[in-house]
Amino acid sequence: MNLDHLRVFHVLASNNNFSKTSNVLHMSQSSVSKQIRHLENELNTKLFDRTTKKVQLTSEGKILLESAERIFKEINHARNKLASLWETVHGDLFIGASLTLGEHILPYILGDYQQQYPNVHLDMKVDNSEHIIEKLRNKQIHLAFIQSSSYYPEFTQQLFLEDELVIIAPHKFIYPEFDSIDDYITPQMLLTLPMIIREEGSGTRQVIEEQLRNNRLAPNQLNVLLEMENTESIKAAVESGLGISIISKVSVQKELRLNTLRKLSVNGLHLKRNFYSVYDDQNLSLPSNSFLSFIHNYYN
């Protein structure tokens, strides 16, 4: 059985789309179709049911997929064992990180990691959680680091850090009616104050809404004034007096220390979220394994 044909089959079976498969493998769609036909002819069986929009595995295809996943996992295992004989970790490591992690947490860890593993070439993409997971599905990155509360059954997902979310406010609102509030507010006031919040699809937004529901507050009752895709923009908007926001404590420490923003407290409201590493354990290189071990040990 041709290993290249099997790899094309594996990628197509993962996303059920010829166009996406050709993009991931940097091949034309006709080449993808040709390799699948060769594999089906060799095995004398039909592996996919094809429609105009997508393809789906047949029962025979599902059997082959189970074997293909075992084969590629063993190949990666063998590569890693052979590479370890050289006693150096080297190669490319492509990481995807959600915004808070990519801007405020991972850069410090990457510096320490690079000192220990100087022969690894690092590349980090920063985007919201949904886009990072899509990059992982398309094999554009080896590892994803996100704060989404969603579960991705096709990947391994490990907790590595707990984060605190804080409510931040300006020292002076542009709305006179809010200028008299102090640093302790009621849950009802939280729903009344103008809110600046991350966009739909961001891990921060998902966690905020989940945590509010856990505290018996309805997210759809928030007085959302503005949605923004960047943490720095949110902090600037709050500083200008537009409203309040809920944000990672690690991303606002400097502003709280310099007293350009203030923190609000709501009695009984505790906002926490978890950061996760997400990856395909059948597609882990030696640098990927080394970084996973490094970051989990870093916080434990």
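Modeller: I would begin with Y113, which counts as buried because its relative accessibility is 0%, where buried means under 20% relative accessible area, exposed over 50% and partly exposed in between, with a 1.4 Å probe and protein chains only. This is a predicted model, in which local features need pLDDT of at least 70 and side-chain atom pairs count only at pLDDT 80 or more, while totals for chains, interfaces and linings use all residues. Residues are numbered from 1 along each chain as its sequence is written, and side-chain values use heavy atoms, with hydrogens and water left out.

The rings of F145 and F291 form an edge-to-face pair, because their centres are 5.6 Å apart and their planes stand at 80 degrees (rings of Phe, Tyr and Trp, the last by its six-membered ring, pair if their centres lie within 6.5 Å; planes under 30 degrees apart are stacked, over 60 edge-to-face, the rest tilted). This pair joins distant parts of the chain, since F145 lies in strand 5 and F291, 146 residues apart from it, in helix 11 (residues 286-298); helices (H or I, at least four residues) and strands (E, at least two) are DSSP runs numbered from the N terminus. F145 is buried at 0% relative accessible area, and F291 is likewise buried at 0%. One aromatic cluster takes in Y113, Y117, F145, F160, F275, F291, F294 and Y298.

As for confidence, the chain averages a pLDDT (the predictor's confidence in each residue, from 0 to 100) of 87, and 96% of the residues score at least 70.
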